[in-house]
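Take a moment to look over the chain before reading on. The paragraphs below go from the whole to a few of its parts.

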Amino acid sequence: MDIGLVGLGKMGGNMRERMRRDGHTVVGYDRNPEVSDVESLAKLVEALPSPKVVWVMVPAGDPTRQTVAELGKLLSEGDVIVDGGNSRWTDDLANAEALKDKGIGFVDCGVSGGVWGLENGYALMYGGEAADIEKVQPAFDSLKPEGDFGAVHAGKVGAGHFSKMVHNGIEYAIMQAYAEGWELLEKAEVTENVTEVFRSWREGTVIRSWLLDLMVAALDDDPGLSQVAGYAEDSGEGRWTVEAGIENAVATPAITAALYARFVSRQDDSPTMKAVAAMRNQFGGHAVKTTAPKGGDAAGQPAEPGGPAQSGAAEQAGAGSGNEPAES
């Protein structure tokens, strides 16, 4: 298929490459001319046959809203916009409604896989009308992991990002449990080789997982995690998950505690947060801090979701590009 891709950072650039390897024609746009295939969104749209499909991979919030609005002016009836960033699901409803009068379809897609997705594939959770999904399906098939699982039409518009939000909330709790266990093993004098204990859990245990593999990789890279400050950001989706739990009267104590632990990390150089920060760096290339700041980022500025980890270009019409927050 022919598809446009807006935002060519860590994930967007790898997604373009994975789709091209599977035979698709991908026209990529990024404000950074070194990675962009065209010089503007308008040129990207002109390069695509109809019905046009444009996939947006820019940071959540205003950058995505502005990019979708600009594409809405350029596209026509029957075309489809896919938001593959980490937007809040309520933004999807507003975007779909704004595009409805022009007959432009909207699909929201939660994407998990981080910097490993190029080779391993991306887990995809998408929401939207069946007719719009059908136009994007060849791209979904190429991006997903091999095998029977890894992709799902989760429901109507908003369902994809809602599912990814809950996924990231669960991720918070799992990482917190591994990190607390690591700190306890390190603190107790009876345990002499903590890294090897974690490594042994990778086979045969009920808690084996990819996150456990990444924790071991982090410990191999930096025994004792002495080079990582005990400070962990949150991308925003943990907060949204807790808020959704409140709205739906669903108790989320583990996810909530994991989120609050990250808040605590910003006042204290927590050993547990060293482990969380190290795992985030392993799976998503997120920035880690080498010293514990008093608050905000290393430059003393208020930290925003995905800020320290982002690189690449900003999007046309003021929208940022490149590194949508890949994971929590």
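This is a predicted model: local features need pLDDT of at least 70, side-chain atom pairs count only at pLDDT 80 or more; totals for chains, interfaces and linings use all residues.

Begin with the chain as a whole. The protein chain has 328 residues, and 53% of them count as buried. Its secondary structure consists of twelve helices and seven strands. Contacts can also be sorted by how far apart the partners are in sequence. Among contacts between residues at least 6 apart in sequence, 69% join residues at least 24 apart.

Now turn to the packing of helices. Two packed helices are described by the angle between their axes and the distance between the axes. Helix α7 covers residues 159-187, and helix α10 covers residues 237-247. The axes of these two helices come within 8 Å and cross at roughly 105°. An angle from 65 to 115 degrees counts as roughly perpendicular, so α7 and α10 are roughly perpendicular to each other. On the α7 side, the residues that meet α10 are Phe 162, Lys 164, Met 165, Val 166, Asn 168, Gly 169 and Tyr 172. On the α10 side, they are Glu 237, Gly 238, Trp 240, Thr 241 and Ala 244. By class, the residues of this contact are six nonpolar, four polar and two charged.

Helix α7 also packs against helix α11, which spans residues 253-265. Here the angle is about 70° and the axes are 8 Å apart. That angle makes α7 roughly perpendicular to α11. From α7, the contact uses Gly 169, Ile 170, Tyr 172, Ala 173, Met 175 and Gln 176. From α11, it uses Ala 254, Ile 255, Ala 258, Leu 259, Ala 261 and Arg 262. This contact has nine nonpolar, two polar and one charged residues. Gly 169 and Tyr 172 of α7 take part in the contact with α10, and Gly 169 and Tyr 172 also take part in the contact with α11.

The next topic is empty space inside the protein. Rolling a probe the size of a water molecule over the atoms shows where empty space is left. How many cavities of 30 Å³ or more are there? The count comes to two. The second largest cavity holds about 30 Å³ of space. Its lining is made of Arg 88, Trp 89, Met 165, Trp 240, Ala 244 and Glu 247. Helix α10 gives the most to this lining, with three residues. The lining residues are four nonpolar, no polar and two charged. Met 165, Trp 240 and Ala 244 belong to this lining, and these residues are also among those where α7 meets α10.

Phe 162 leads back to helix α7, where it lies. Is Phe 162 buried or partly exposed? Phe 162 has a relative accessible area of 28%, so it is partly exposed. Leaving aside neighbours within four places in sequence, Phe 162 is in contact with Trp 89 and Ala 244. Phe 162 and Arg 88 are 74 residues apart in sequence, yet their C-alpha atoms are 7.4 Å apart in space.

Beyond neighbours within four places in sequence, Trp 201 is in contact with Leu 185, Ile 207, Arg 208 and Leu 212. From Trp 201 to Leu 212 the separation is eleven residues in sequence and 8.0 Å in space, C-alpha to C-alpha.

Note on methods
Residues are numbered from 1 along each chain as its sequence is written. Side-chain values use heavy atoms; hydrogens and water are left out. Axes are lines fitted to C-alpha atoms, for helices over the stretch in contact, and angles run from 0 to 180 degrees between N-to-C directions. Helices (H or I, at least four residues) and strands (E, at least two) are DSSP runs, numbered from the N terminus. Angles under 35 degrees count as roughly parallel, over 145 as roughly antiparallel, 65 to 115 as roughly perpendicular and the rest as oblique. Contact means heavy atoms within 4.5 Å. Ala, Val, Leu, Ile, Met, Phe, Trp, Tyr, Cys and Pro count as nonpolar, Asp, Glu, Lys and Arg as charged, and the others, Gly among them, as polar. On a 1 Å grid over the protein atoms alone, a cavity is a set of points where a 1.4 Å probe fits but cannot get out, and a pocket is an open set with protein on both sides within 12 Å along at least five of seven lines; lining residues have an atom within 4 Å of a point. Grid points are joined across faces, edges and corners, and a volume is the space filled by probe spheres set on the points. Buried means under 20% relative accessible area, exposed over 50%, partly exposed in between (1.4 Å probe, protein chains only).
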